[in-house]
Amino acid sequence: MKQKRRLLIRSTILLIIVTALGYTFYQNFFSDQTGMVKVGEEAPDFILTDLNGQTIQLSNYLGKGVFLNFWGTYCPPCEKEMPYMENQYERFKELGVEIIAVDVGEPELVVRRFVERHNLSFPIPMDSDRRVIDLYGIRPLPTTFLIDENGIVTQRITGGMTEKDIIDYLSSIVPKDSVHKLK
């Protein structure tokens with residue numbers, strides 16, 4: 001009797017695990033991706049507030065390249081690439097490229113501590129209600145969109161990046177009138 005009960009419990013747990021894994025794979029690889037922003041499309045406009053209380057509206061950056069990064073403090077690849085982004089921020093800002101790092105649904109205090117710990121100076125708008133990540137079809141974190149000076153998505157990058165990757169991506173969206181300043 002004890003063995004039968006143990007077998008039933010183990011089978012139930014295994015079934016739950018297999019179901020959860022199947023659902024996860026389905027959501028990540030086979031679910032409807034109609035809400036996903038694609039390369040060649042105009043980047044959807046949004047308005048969010050950053051940690052300094054400033055309003056960030058994507059359409060205000062027309063004429064500049066935009067490195068639009070979606071991240072979370074709990075994401076190890078996100079944490080690894082943030083210092084690389086900070087290292088390049090000032091240089092590329094002078095060339096007409098803006099880094100905007102949208103935090104997805106975390107408490108402001110947690111994000112503020114992360115930003116202070118890493119001395120980040122680029123805009124970090126808060127997507128508290130996860131409306132913008134739904135609009136962009138974000139899965140997984142980090143996901144970055146490269147947006148050219150005309151507001152068109154030129155590339156979608158999922159996963160972490162090295163500093164060299166970030167330099168190459170930022171260089172690819174420098175507005176035409178500033179390309180000659182790249183060294």
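1. A residue counts as buried when its relative accessible area is under 20%, as exposed when that area is over 50%, and as partly exposed in between. The model discussed here is a predicted one, and with these cut-offs in mind Ile9, which has a relative accessible area of 42%, is to be described as partly exposed.

2. Ile9 belongs to helix 1, which covers residues 2-29, and together with Ile13 and Ile17 it makes up a nonpolar patch on the surface, the accessible area of the three together being about 260 Å².

3. In helix 5, which runs over residues 163-172, the buried residues are Ile166, Tyr169 and Leu170. Viewed down the axis of helix 5, these buried residues fall within an arc of 100°, and they therefore line one face of the helix. Their cover includes helix 2 (76-94) as well as strand 3 (65-71), strand 4 (97-104), strand 6 (143-147) and strand 7 (153-158).

4. Which cysteines form a disulfide? The structure holds 1 disulfide, and the pair is Cys75 and Cys78, with their sulfur atoms 2.3 Å apart. The torsion about the S-S bond of Cys75 and Cys78 is about 75°, so this disulfide is right-handed.

5. Are Cys75 and Cys78 buried or exposed? Both Cys75 and Cys78 are buried, in contrast to Ile9, which is partly exposed.

Key
Residues numbered from 1 in each chain as written. Predicted model: local features only at pLDDT ≥ 70, side-chain atom pairs only at ≥ 80, totals over all residues. Heavy atoms only, no water. Patch = residues over 30% accessible without salt bridge, like charges linked within 9 Å, V, L, I, M, F, W, Y side chains within 5 Å. Areas by Shrake-Rupley, 256 points an atom, 1.4 Å probe, with all protein chains shown as cover. Salt bridge = Lys/Arg side-chain N within 4 Å of Asp/Glu carboxyl O. Helix = DSSP H or I, 4+ residues; strand = E, 2+ residues; numbered from the N terminus. Buried < 20%, exposed > 50% of the residue type's maximum accessible area, 1.4 Å probe, protein only. Arc of directions from axis to C-beta. Contact = heavy atoms within 4.5 Å. Disulfide = S-S within 2.5 Å.
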